[in-house]
Amino acid sequence: MKEHLRILVAFLILFTSVNSFASSLSEDALNRGISDVCSNYLSQIEQSYGLKGLNITFAHPENPLDLPSLHISTQKYNNGSSSFSATLTPDGEYCYLSTVQVTSLNGQSCSEITKIKVDSDQNLKVSVYADGNFTILTPLDESFQVILTSSGDKSCTMTETRMMWPGK
């Protein structure tokens, strides 16, 4: 009986914390009661990254306006997949954001991706570790980092991390 109760409670928590019926992450955030400032930033990020996948939001069931929320979007491509995650932390009229996007690509090596990235931004700092198995790309302003992890001769996992403090 106790096991059934635990499963029921876990299901109820998951049901009240997850909402994947909205058409976008920002719409989902507004539906869940996330602050307008944070929802607006999420909308801008969503447009910038072109997110159109399966969306999931985790928000505090009783106080989503004042507590951090987690927003996840996953997409499938013909040569891989990506998972995007944003944590929004409201602070009055401000909202702090951290984002992580992990993209797995088949058919391209990390060295090929590094060349494409550097050709488009020659100011990127390139650091290579562990005999070329890991490459870190960092722009001059250090606003984000991209970590390329070799996962085979013609496959690469790309992780982009970013932290933002808009307005402060």
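## Basis and confidence

The model is predicted, with local features requiring pLDDT of at least 70 and side-chain atom pairs counting only at pLDDT 80 or more, whereas totals for chains, interfaces and linings use all residues. Residues are numbered from 1 along each chain as its sequence is written, and side-chain values use heavy atoms, with hydrogens and water left out.

The mean pLDDT (the predictor's confidence in each residue, from 0 to 100) is 85, and 86% of the residues reach 70 or more. Over residues 8-20 the pLDDT is below 50, although in the model this stretch has 19 contacts (heavy atoms within 4.5 Å) beyond near neighbours in sequence. Where pLDDT is low, the predicted coordinates should not be read in detail.

## Overall architecture

The protein holds four helices and eight strands, where helices (H or I, at least four residues) and strands (E, at least two) are DSSP runs numbered from the N terminus. Along the sequence they follow the pattern α-α-α-β-β-β-β-α-β-β-β-β. Among contacts between residues at least 6 apart in sequence, 46% join residues at least 24 apart.

Of the 168 residues, 35% are buried, a class defined as under 20% relative accessible area, with exposed meaning over 50% and partly exposed in between (1.4 Å probe, protein chains only). The accessible surface, computed by the Shrake-Rupley method with a 1.4 Å probe and, for residues, with only the protein chains shown as cover, comes to about 10,200 Å², of which 57% belongs to carbon and sulfur atoms.

Leu-25 is in contact, beyond its neighbours within four places in sequence, with residues including Leu-42, Glu-46, Ile-56, Ile-72 and Phe-84. In α2 the buried residues are Leu-25, Ser-26, Asp-28, Ala-29 and Arg-32. Seen down the helix axis, they fall within an arc of 160 degrees (taken from the directions from the axis to the C-beta atoms), so they line one face of α2.

Just after α2, Gly-33 takes a positive phi of about 90 degrees. Gly-33 lies 9.2 Å, C-alpha to C-alpha, from Pro-61, which is 28 residues away in sequence. Pro-61 sits in the loop between β1 (54-58) and β2 (69-77), and at 54% relative accessibility it counts as exposed.

## Helix α4 and strand β6

Helix α4 (residues 110-120) has Cys-110, Ile-113 and Thr-114 as its buried residues. These cover an arc of only 100 degrees around the axis, which puts them on the same side of α4. They pack against β4, β5 (125-129), β6, β7 (144-150) and β8 (155-164), while the face turned away from the buried side carries the exposed residues Ser-111 and Lys-115.

Thr-135 lies in strand β6 (residues 134-138) and, at 6% relative accessibility, counts as buried. Not counting residues up to four places away in sequence, Thr-135 touches Thr-114, Val-126, Ser-127, Val-128, Val-146, Ile-147 and Leu-148.
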